[in-house]
Amino acid sequence: MNELVLIWLEFAACLTLIGVAGPELCRSGDVLAERTGFSGNWIGITLLAAVTSLPELAIGVSSVTLADAPDIAIGNAFGSCNFNLLMLVALDFLLRGESVYRRARIGHVLPAGFGVILIGVAGMNLSMHGHGVGFRIGHVGGYAPVILLLYVLAMRTVFLYEREHREEYAEEIADRYPQMTARAAALRFAAATALIVAAGVWLPFVAERLAAAMGWNTTFVGTLFVAGATSLPEVVVTVSAVRIGALDMAIGNLLGSNLFNMAGVALSDLLYLKGPILAHVSPIHAVSACRAWR
């Protein structure tokens, strides 16, 4: 069989796995939110965001450890943040009736605010290193531990807020899945996670091979094609969450993914042994950072 056909079949298989596992991930996540008393916001920020952002993390790690391409790692992280915010705006246009910002819970302000801070810290240090100014600890940029600490602080702050409002959330929700236990939901969530992670991590590499085979590898189309592949899990999971009525989970997934992406920048910095990663990338990434920050 032609090699190009095989690559297309691999690409289709990855899309199919994500398409099947995405809705199941949202349903089981919704059940876990009901059974634990925590909101869909918390499930989206923690569990869904981690699952759907693993492809970006895999690309970042492989870029700095195997390919020696720090620009790909940083560009992918900031690009994904911009894409997530674009999806949030798209939700407001696609949903009929009241604005998505009125329908969503006020608790989303916390991850959104921390996202602005984290992206701002990364963007500011990117600009500083572009002008030869920056603090480092060995080969690690001084911003890396700051970003990681802020990420932990963000998770803790959102957790405490959600715990304080558990009773309020429990009164709002109805038991939409009376026949599914928390244990069954956890098992389904784990199975869906395994499928999405496997397909999501493999998909960018298949997309890169496909772009090369089609002659797109050095073109703008090829770059967009590979970059878009890493965001497919977020798209599928977000749309699936909205379809089952879990709007807060969908928004939490997008905002949580931005937090996770910035933590990924810090991790890439730790793994990049030539020095602070933001000192070895193009200053043009500051444009993407500013767009995501605004």
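A residue counts as buried when its relative accessible area is under 20%, as exposed when that area is over 50%, and as partly exposed in between, with a 1.4 Å probe and protein chains only. The model is a predicted one, in which local features need pLDDT of at least 70 and side-chain atom pairs count only at pLDDT 80 or more, whereas totals for chains, interfaces and linings use all residues. Residues are numbered from 1 along each chain as its sequence is written, and side-chain values use heavy atoms, with hydrogens and water left out.

Met87 lies in helix α3, where helices (H or I, at least four residues) and strands (E, at least two) are DSSP runs numbered from the N terminus. Leaving aside residues up to four places away in sequence, Met87 touches Glu234, Val235, Thr238 and Leu254, a contact being heavy atoms within 4.5 Å. The C-alpha atom of Met87 is separated by 16 Å from that of Asn76, 11 residues apart along the chain.

The largest nonpolar core has 37 residues, and those with the most contacts inside it are Ile74, Phe78, Ile147, Leu259, Met262 and Ile277; such a core is a set of buried Ala, Val, Leu, Ile, Met, Phe, Trp, Tyr and Cys residues joined through side-chain atoms within 4.5 Å. At least two residues of this core come from each of α2 (40-65), α3 (70-94), α5 (109-130), α6 (143-164), α11 (247-271) and α12 (285-293), and α6 gives the most, with 8 residues. Met262 touches Ala77, Phe78, Cys81, Leu118, Ile119, Ala122 and Ile147, again not counting residues up to four places away in sequence. A second, separate core of 19 residues includes Ala21, Val31, Ile196 and Met249.

How do α2 and α6 pack, in angle and in distance between their axes? The angle is about 160° and the axes are 10 Å apart, the axes being lines fitted to C-alpha atoms, for helices over the stretch in contact, with angles from 0 to 180 degrees between N-to-C directions. That angle makes α2 roughly antiparallel to α6, because angles over 145 degrees count as roughly antiparallel, those under 35 as roughly parallel, 65 to 115 as roughly perpendicular and the rest as oblique. The contact is made by Asn41, Trp42, Ile45 and Thr46 of α2 together with Met155, Val158, Phe159 and Glu162 of α6.

Glu162, in helix α6, is buried, with a relative accessible area of 2%. Beyond four places in sequence, Glu162 touches Phe38, Ser39, Asn41, Trp42 and Arg105.
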